[in-house]
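Visitor: Could you take me through this model slowly, and tell me what lies behind each term that you use?

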Amino acid sequence: MNKTYEKYYVPAQSPWPIVGAVALFLIAFGAGNYVNEVTKQQPGFGGYMLAAGFVVLIFMLFGWFKNVIDESMNGLYSAQMDRSFRQGMSWFILSEVMFFMAFFGALFYGRVIALDWLSGGSNNAMTFAILWPDFEAMWPLLKTPGGIETQAMPATGLPLINTVILVVSSITLHFAHTGLEQNKRGQLKLMLLLTLLLGATFLSLQVYEYIHAYRDLGLTLASGFYGNTFFLLTGFHGMHVTLGAIILLFIFLRVLKGHFTPEKHFAFQAGAWYWHFVDVVWLCLYVFVYVL
Amino acid sequence: MSAVVTDHEHDHEHHDHKPSGIKRWFYTTNHKDIGTMYLVFALIMFFIGGAMAMVIRAELFQPGMQFVEPNFFNQMTTVHGLIMVFGAVMPAFTGLANWMIPMMIGAPDMALPRMNNWSFWILPFAFLILLISLFMPGGGPSFGWTFYAPLSTTYSGDSTALFVFSVHIMGISSIMGAINVIVTIFNLRAPGMTWMKMPLFVWTWLITAFLLIMVMPVLAGAVTMVLTDKYFGTSFFDAAGGGDPVLFQHIFWFFGHPEVYIMILPAFGIVSSIVPTFARKPLFGYASMVYATASIAILSFLVWAHHMFTTGMPVAGALFFMYCTMLIAVPTGVKVFNWVATMWRGAMTFEVPMMFALAFIVLFTIGGFSGLMLAITPADFQYHDTYFVVAHFHYVLVTGAVFSIIAAAYYWLPKWTGNMYDEKLGQWHFWCSLISVNLLFFPMHFVGLAGMPRRIPDYALQFADFNAFISIGGFLFGASQLIFVWVLVKCARGGEKATAQVWEGAEGLEWEVPSPAPYHTFDTPPVIK
């Protein structure tokens with residue numbers, strides 16, 4: 001047998017996967033009912049079920065990660081196991097990229113094709129003349145063919161500040177990582193804390209921007225294709241930043257407890273990859289949603 | 001924590017110790033247990049989806065409205081499609097991957113065993129939600145499995161939200177399953193198991209898993225936009241708000257076309273395992289098989305709009321998608337050629353797995369050729385949305401994907417159970433299935449060419465005879481599958497003991513471990529020569 005081979009750790013049994021499956025069932029079934037109840041303003045059990053699902057999910061995540069962290073701290077994981085985790089995380093991030101691609105694809109299609117055709121482009125002269133002869137293609141789409149009007153979100157001001165904040169947070173996270181690799185725990189803690197604060201600032205400013213959009217600009221989720229893509233892209237990005245920040249928060253707590261070594265720190269690495277990924281998504285988003 | 005460590009040590013001392021009771025299945029991290037659950041689940045869904053097909057065929061037995069309301073008929077076609085694609089074919093392939101890939105590459109288990117169990121257990125809940133939605137006021141989803149907007153947005157019922165969220169969690173399950181397969185193949189191959197020594201089933205699944213990771217998130221995006229369009233006032237697919245219903249079709253088919261290869265590439269892997277065994281010759285053109293699989297996967301991202309020729313697109317677009325689609329015939333032809341060349345001058349025997357594999361090669365090729373006909377843009381204007389399309393994709397999915405899954409089940413059953421299946425019953429199952437499936441789907445080509453539209457509960461009188469014929473074929477095919485269940489149950493309960501190699505010509509790591517395969521294979525990796 002190969003002498004350098006280390007045993008690959010296969011956990012004996014675990015209750016967490018099925019708890020997670022129950023959580024997703026409660027979330028999906030609850031949300032499916034809740035959406036109907038909210039839009040029709042009927043009372044129902046959907047909201048409670050959805051909330052219960054999240055509680056079970058959080059319970060599951062705590063239990064599952066506790067097991068994994070304990071196993072890792074007890075040295076059960078080989079270098080090969082570490083590679084499994086790293087590769088798994090990379091492929092997960094690829095799937096996230098494709099999720100955002102669906103919405104970016106919709107944005108490009110709308111801007112380049114749908115609006116052009118609605119204003120008589122290609123062979124759609126008659127559609128245009130008969131359906132919406134007053135329609136004018138423009139981006140941002142400030143007046144839909146159906147007549148909903150809105151104002152555009154400017155690229156300067158708050159969004160620009162937010163871009164700077166997120167880019168800087170990626171840089172501070174990078175220095176946290178070098179700190180970890182050179183075993184400078186002070187630098188690690190400080191830079192990680194800074195990253196977290198920058199992330200929280202970004203999210204607060206996003207909330208402020210949403211309020212501004214709804215209250216002052218009349219830019220809502222329902223104000224045509226511009227509002228749709230604006231809110232779904234920034235919204236899903238915001239949800240990912242929130243998730244990334246929660247991951248980094250737990251990484252920070254683990255750093256305070258003395259976890260991670262310069263050689264072995266998969267969880268830190270995964271959280272950092274996720275954060276950089278979210279940052280790159282924002283840069284694409286800033287260019288295509290705000291600037292261009 | 002120490003308890004976990006002791007449990008683990010304990011497990012290795014008693015090598016074949018299985019946890020008992022229901023907990024074994026709920027809490028398992030064992031790839032064989034999880035594979036079995038996937039396969040049993042797929043079989044149950046196959047029968048539920050099949051029962052819906054029986055409702056469809058009963059209604060279409062005669063012209064006029066017989067048994068069901070049009071809205072219920074639409075729910076049956078929709079949910080039949082969703083269940084067969086996401087509940088039967090895909091989980092069956094994932095089950096086979098779970099069982100066989102670690103054994104084929106000399107791995108101790110899947111790379112991420114707990115996540116593996118999570119991937120499985122999401123599925124029964126997802127389909128529970130989908131089935132519950134049928135009992136909502138207004139009925140279940142009735143917009144076809146392709147859920148085109150505005151059918152799924154403006155004109156759909158309250159169950160749409162349940163449909164959306166159940167698809168979401170099915171997607172989560174598929175993505176996690178795919179990540180597990182890829183990481184297992186990248187990271188857990190035994191020393192010496194180089195890329196070009198991997199069995200073709202492993203290769204095809206590696207590429208399938210890549211496709212899953214690329215396109216399942218896009219499906220999630222599509223259902224999300226349907227959800228917000230229907231419930232939250234967005235207008236992605238509504239021209240009045242600046243969107244476009246055609247956008248839906250682009251997003252859906254960007255997912256949908258790679259999806260059909262997700263359902264056929266593992267089938268290619270299975271047939272490439274079975275044919276050499278029963279021809280007692282190594283696979284002809286192994287490397288070209290690998291490259292052909294990769295080519296098909298890459299091309300699958302460039303052909304989606306061939307589903308939309310009649311929707312309308314610029315001529316340049318139609319030409320691009322037509323030529324790319326026809327190009328796929330080249331690597332597919334390489335594969336069929338290689339299977340035939342493998343059998344050339346082989347010492348062939350015709351056990352049930354080989355029979356199904358042979359039927360696959362012939363009937364899948366018929367489905368491939370009708371696909372080529374559909375790819376021709378001007379001809380597609382005649383075929384689109386007729387029973388010709390239904391005939392085409394049932395040839396590739398039933399006599400293609402499903403036949404390969406049945407072949408795989410017969411081929412590996414002795415390895416799973418330790419017992420040989422009943423060869424005579426298996427042959428009965430094969431011949432009944434083969435004859436009835438052709439009675440069922442072949443005449444659909446003719447009614448389709450004559451103009452019978454799909455997804456309609458009634459039809460013109462001139463199609464009456466053919467439809468009666470098709471329905472009889474359908475009932476017979478449904479009944480034939482009961483023989484399969486009989487074979488499976490009989491084999492699980494006992495029978496002639498299988499040897500480790502099982503089949504005389506079988507080669508590969510999975511045939512070097514005893515039958516039934518021990519609960520834990522390859523705690524330490526085997527040496528690959």
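Guide: Let us begin with B:Arg345, which sits in the loop between α12 (329-343) and α13 (352-375) of chain B; helices here are DSSP runs (H or I, at least four residues), strands are runs of E of at least two, and both are numbered from the N terminus. This is a predicted model, in which local features need pLDDT of at least 70 and side-chain atom pairs count only at pLDDT 80 or more, while totals for chains, interfaces and linings use all residues. Residues are numbered from 1 along each chain as its sequence is written, and chains are lettered from A and ligands numbered from 1 in the order in which they are written.

Visitor: Why is A:Gly179 called buried?

Guide: With 20 other C-beta atoms within 10 Å, A:Gly179 has the number that the definition asks for, and so it is buried. A:Gly179 belongs to helix α5 of chain A, and, leaving aside its neighbours within four places in sequence, it is in contact with A:Lys184, A:Gln187, A:Leu188 and A:Met191, where contact means that the C-beta atoms of two residues, placed from the backbone, lie within 7 Å. Between the C-alpha atoms of A:Gly179 and A:Thr195, 16 residues apart along the chain, there are 14 Å.

Visitor: How many residues of chain A are in contact with chain B?

Guide: In chain A 62 residues are in contact with 66 residues of chain B. On the side of chain A that touches chain B, α3(A) gives the most, with 22 residues. By class, that side has 37 nonpolar, 21 polar and four charged residues, where Ala, Val, Leu, Ile, Met, Phe, Trp, Tyr, Cys and Pro count as nonpolar, Asp, Glu, Lys and Arg as charged, and the others, Gly among them, as polar.

Visitor: Why are α15(B) and α16(B) called roughly antiparallel?

Guide: The axes of helix α15 (residues 387-417) and helix α16 (residues 423-449) of chain B come within 7 Å and cross at roughly 165 degrees; axes are lines fitted to C-alpha atoms, for helices over the stretch in contact, and angles run from 0 to 180 degrees between N-to-C directions. Angles over 145 degrees count as roughly antiparallel, under 35 as roughly parallel, 65 to 115 as roughly perpendicular and the rest as oblique, and therefore α15(B) is roughly antiparallel to α16(B). The contact between α15(B) and α16(B) has 13 nonpolar, five polar and no charged residues.

Visitor: What makes α3(B) roughly antiparallel to α17(B)?

Guide: Helix α3 (residues 31-59) and helix α17 (residues 464-493) of chain B pack at an angle of about 160 degrees, with their axes 9 Å apart, so that α3(B) too counts as roughly antiparallel to its partner, α17(B). Among the residues that meet are B:Gly50 and B:Ala53 in α3(B), and B:Ser471 and B:Gly474 in α17(B).

Visitor: Where is the residue B:Pro150 found?

Guide: B:Pro150 lies in the loop between α5 (113-133) and α6 (160-187) of chain B, and the peptide bond that joins B:Ala149 to B:Pro150 is cis, with omega about 5 degrees.

Technical notes. Buried ≥ 20, exposed ≤ 12 C-beta atoms within 10 Å, placed from the backbone.
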